[in-house]
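Q: I would like a close look at a single part of this model, followed by an account of how that part sits within the whole. Please take it step by step.

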Amino acid sequence: MTSRFRRIAVPLITASALALATAACGGSDTASGPASDGAAASAEKIQLKVGLFGDLGFKPLYEEFKKTHPNVEIVENITQFNDHHNNLVKRLATNAGAADVEAVEVGYISTFTAQPQKFHDLKQYGLDKRQGDYLDWKWQQGLSKQGGQVLGLGTDVGGLAMCYRKDLFKKAGLPEDREKVAALWPTWEDYIATGKKFAAADVAGAKFVDAPGEIFRAIVNQAPTGLYDPQDNLVVDSNPDVKKAWDLSNQITAEGLTAKLAAFTPPWNTGFAKGSFATIICPAWMTGFIQEQAKDATGKWDIATVPGGSGNSGGSHLMVPKQSKHPKEAAELVDFLTTKDAQAQIFKEEGIFPSIPALYDDPSIQSFTKPFFGDTPIGKIYSEAAKALKPQHLGPKEADVRTAIGNGLGRVEQGKQTPDESWAQVLEDVKKIK
Amino acid sequence: MRHTLDTRVSPYAYVAPFFLLFGAFGLFPLFYTAWVSLHEWTLLDEEQTFIGLKNYETLLADGYFWNATFNTLSIGVLSTVPQLVLSIWLAHLLNRRLRFQTLFRISLLLPNVTSVVAVVVIFSQLFGRDFGLINWMLSLVGVGQIDWAAGTATSHIALSVMIMWRWTGYNALIFLAAMQAVPRELYEAATLDGASGATQLRRITIPMIRPTIIFVVIVSTIGAMQVIAEPMLFGTSSGGGGGLVSGGPDRQFQTLALYVYEQAFTVFDFGYASAASWVMFLIVVLVAGVNFLLSRRVKGGLL
């Protein structure tokens, strides 16, 4: 009896224990540590943590900041894009673990400005004086929903352009000069037509575009209204511009123009190195990526205007969570990292483009070039793109909706569903997003 | 005379630490999860409302949940069955006098001590669509380019290989330990009777190590039902797109544990995720129970 019982009970208990191990897992966090061990060591020394989702080019600026704040030590922590924002949601909800300065990308900014009680109002530290520096829409994005509180200061904007490989264009018999290339594609339909010509030339090992996902995002961002209307209602199913972007993106797949390399994955990185695609949608910050990933491709990439008019893709704000024990210093750091000079310096080093319009006509920006991109007038191209930007309202679950649509595009790309089937599933998925 | 109190009580004191820990980290979360699952409970709302079994109702009608269940079972079968056969065979090979015996045994364990992240990242490259080693080898024998992460079956195979890589050697060592307890005389007698190595394995070894087989089957089944790290990392490192937690854009390799993770830590719907993990728990117990009954019936020709 007892041995029989044990034979059944032991596996069952083991089963429960192991099952629970999974049920309870997921909360582990590598980033959290003693929040202010600097403060404990001496009364004056403090440590500021900066939480980012990518290298925003702040490192040299920390050193500068320390010259005026010798008691401050700065620790930067970079996490993967989705993890970074998800973790921030968790840390705000549990009131523990957030950094003193957190970067938030535009896709998530409305999620956080809807919770003003979780952040310090930077007005208290006099940062409302910075309003005049900024592009108005960029400034507005950092305010609380009801207005009135300054929750985040903008870092960069991602004015759109199109990067292309001159050598691959040459092989396909297409023009190389950026004016002529821009003339190939005033509209997205023209862009696809150019892609067909590129495909017809059958350049070995190269497709026209990396994947349709970022193109979809760009086309939506060019429209006056995107995934949300100004009242924060989801309009994915009713906005004709969203459907148009969906159809165009799937046409790219249907014509066989995509290399099927999802952005920010290791094979995508390899694709840069191997020259697997000839064009990529190129907000200013993408130029830094290209340079980093396509190390041996100096002089091969150039930048033309984007089809379909101007638009914004990406860009961030810096926010100071209420949890911060040193909000005054954190606010000073936010101010310091976003000044005109700091943004100009970051652009020149990392390609991340400023959100301060006074810089757009600055000669040092206008004439700025980079050895990697040859004589391409990067500064001029992105200044023009940023000046032409029309702001678009972004809703609270922008990122989740985008993921659902991205999955839909992926299903078509992988041949799992027809565009119509996939669209129906996207609408179902989007409906579930609360 | 010894203290009867001591002899009576001290055994309980010795085992108490386990039960205390199990209570705190096993039983308590189990029941608390059940409690949470009866609520509309999200991370972002301060208030939690009691909604009875509504989460379970929604869950049972949720196609994505059943999709994840199917994927889990499919990956489970694909990884566990070949793994057990292979590990018994490996153990059988090592269960004889060999040169460098310890070296072989230790190398069996090496894949298991490697970090799962490293394993998945490297295997994702091996299973790469454009520049993967496996596709290159297949192209030598004329098989076309396979997009491993895109297909349902192919992604399950890729993930099963990763799981087998980590656990086959580990299970082989457990089998080997059991095999060494089998009395030598049985083999000697069988050899005298002219039984071949394969017959000895089938007629002597397997029946004699039956309790170990049952143990390994149960533990592997439970492990396979809870796979999460492999599909999650495969999704991000395979280039097929899809969100971090969706297991491919068509959820073609999203497992149950990954689904629970998605609901809890990206949707932040703790109530629903708790309901899902309870149903998952029941499925694990059910599958482990069925396997237990099945593997108990394993009999060799000896009996």
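In which sense, parallel or antiparallel, do strand E7 (residues 207-209) of chain A and E8(A) pair, and over how many bridges?

A: In this predicted model, strand E7 (residues 207-209) of chain A pairs with E8(A) in the parallel sense, and two bridges connect the strands. Strand E8 itself spans residues 277-281 of chain A and is mostly covered, with five of its five residues buried. In a regular strand, side chains alternate between the two faces of the sheet.

The strand can next be placed in its domain. Chain A is divided into domain 1 (37-157 + 315-366) and domain 2 (162-314 + 379-432), and the residue range of E8(A), 277-281, falls in the 162-314 segment of domain 2. The C-alpha centres of domain 1 of chain A and domain 2 of chain A are 28 Å apart, and the contact between these domains takes 20 residues from domain 1 of chain A and 20 residues from domain 2 of chain A. On the side of domain 1 of chain A that touches domain 2 of chain A, two or more residues come from each of helix H5 (106-113), strand E5 (156-157) and helix H16 (363-366) of chain A. The largest share of that side of domain 1 of chain A is the six residues supplied by H5(A). By class, the residues on this side of domain 1 of chain A comprise ten nonpolar, seven polar and three charged.

A further residue in chain A can be examined individually. Ser383(A) belongs to helix H17 (residues 378-387) of chain A, and it counts as buried because 23 other C-beta atoms lie within 10 Å, where the cut-off for burial is 20 or more. Leaving aside residues up to four places away in sequence, Ser383(A) touches Tyr360(A), Ile365(A) and Gln366(A). For one of these, Tyr360(A), the C-alpha atom is 5.0 Å from that of Ser383(A), although the two residues are 23 apart along the chain.

Taken as a whole, chain A contains 19 helices and eleven strands, and 50% of its 434 residues count as buried. Its C-alpha atoms fill a box of roughly 75 × 70 × 45 Å along the principal axes. Chain A has a radius of gyration of 24 Å, which agrees with the value near 22 Å for a compact globule, because that is what such a globule of 434 residues would have. Of the contacts in chain A with a separation of 6 or more, 75% are between residues 24 or more positions apart.

The partner chain gives the wider setting. Chain B has 13 helices and two strands, and of its 303 residues 39% count as buried. The box filled by the C-alpha atoms of chain B, taken along the principal axes, is roughly 80 × 75 × 35 Å. Among contacts in chain B between residues at least 6 apart in sequence, those joining residues at least 24 apart make up 71%.

Between the chains, 34 residues of chain A are in contact with 40 residues of chain B. Helix H1 (2-24), helix H4 (81-94), helix H12 (266-274) and helix H18 (398-413) of chain A each supply at least two residues of the side of chain A that touches chain B. The largest share of that side, twelve residues, comes from H1(A). The side of chain A that touches chain B has 17 nonpolar, 14 polar and three charged residues.

Confidence bears on how this interface is read. The model scores ipTM 0.86 and pTM 0.86, and the mean pLDDT is 88 for chain A, with 90% of its residues at 70 or more. Over residues 1-43 of chain A, however, pLDDT stays under 50, and the model has 48 contacts beyond four places in sequence for this stretch. Where pLDDT is low, the predicted coordinates should not be read in detail. For chain B the mean pLDDT is 91, and 97% of its residues reach 70 or more.

Notes: Residues numbered from 1 in each chain as written. Chains lettered and ligands numbered in written order. Contact = placed C-beta atoms within 7 Å. Helix = DSSP H or I, 4+ residues; strand = E, 2+ residues; numbered from the N terminus. Nonpolar A, V, L, I, M, F, W, Y, C, P; charged D, E, K, R; others polar. pLDDT = per-residue confidence, 0-100. Rg over C-alpha atoms; globule rule 2.2 N^0.38 Å. Buried ≥ 20, exposed ≤ 12 C-beta atoms within 10 Å, placed from the backbone. Domains from an automatic or database assignment. Pairing = 2+ DSSP bridges.
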